[in-house]
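Let's take a walk through this structure, one contact at a time. Have the model open and follow along.

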Amino acid sequence: PQLTPQGLSNMAWAIASLSGPQQALTELTTEAEAKLEEFSTKELCNIVWSLATAPEEAEESGGDPRRSGRRSSLVQLGKVLVERLSSTCREGKVAGSEEDLAGLGKDILSAAWALQQSSLLDLPALRQLRSSAGWVGSALDDVAHLRRSMQPRQQIVFKA
């Protein structure tokens, strides 16, 4: 049976976290690339994080990490992830709850970490992620301001 995007994401995360079989991670990544449009930002972020975190086996790249299939997948998925995060923020595609916004902020930081860990965080990607993080920060400020404005005002009682 084929895994759902969440299943692929969770399996990739587990393999990377436990330093599991790298061939399995490569196979999961290939399947993920075929279903890219079905992945949520969080699921895609987990795949990118997993690729950046898992140790790379020397024979996978013939000794040259720039030639590995994993690296080319990471480049492709990283670009898609940065664009998707940027688009989500630009178009305001977040429900607006603090939890949703905080989750998006975590995804932005995870993407930045994974790309930096893999030496793929170039200036354009950094600018997009920085802009996205700024949008999330402003949105969180707006939510906090709205919450404060909706709280009932305490009545001051003066005693004689």
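**Salt bridges and a helix pair**

Start with Lys42, which counts as partly exposed at 42% relative accessibility (that label covers the range between buried, under 20% relative accessible area, and exposed, over 50%, with a 1.4 Å probe and protein chains only). Before going further, a word on what you're looking at: this is a predicted model, where local features need pLDDT of at least 70, side-chain atom pairs count only at pLDDT 80 or more, and totals for chains, interfaces and linings use all residues. Residues are numbered from 1 along each chain as its sequence is written, and side-chain values use heavy atoms, with hydrogens and water left out.

So what does Lys42 meet in a salt bridge? Its partner is the side chain of Asp107, at 3.5 Å, N to O (a salt bridge here is a side-chain nitrogen of Lys or Arg within 4 Å of a carboxyl oxygen of Asp or Glu). Lys42 sits in helix H3 and Asp107 in helix H6 (residues 98-117), so this pair ties together parts that are 65 residues apart in sequence. Helices are DSSP runs of H or I with at least four residues, numbered from the N terminus. Asp107 is buried, with a relative accessible area of 5%.

The structure holds 4 salt bridges, and H6 takes part in another of them through Glu98, whose side chain meets that of Arg147 at 1.8 Å, N to O. Arg147 belongs to helix H7 (residues 123-150) and Glu98 to H6, so the parts tied together here are 49 residues apart in sequence. Both ends are partly exposed: Arg147 has 44% relative accessibility, and Glu98 has 27%.

Glu31 and Lys35 also pair up, their side chains meeting in a salt bridge of 3.5 Å, N to O. Glu31 is partly exposed at 23% relative accessibility, whereas Lys35 is buried at 12%.

Now back to H3 (residues 41-53), whose axis comes within 9 Å of that of H5 (residues 69-90), the two crossing at roughly 145 degrees. Axes are lines fitted to C-alpha atoms over the stretch in contact, and angles run from 0 to 180 degrees between N-to-C directions. Which residues make the contact? Among them are Leu44, Ile47, Val48 and Leu51 of H3, and Leu74, Leu77, Leu81 and Leu85 of H5, with contact meaning heavy atoms within 4.5 Å. By class, the contact has 11 nonpolar, 4 polar and 2 charged residues (Ala, Val, Leu, Ile, Met, Phe, Trp, Tyr, Cys and Pro count as nonpolar, Asp, Glu, Lys and Arg as charged, and the others, Gly among them, as polar).
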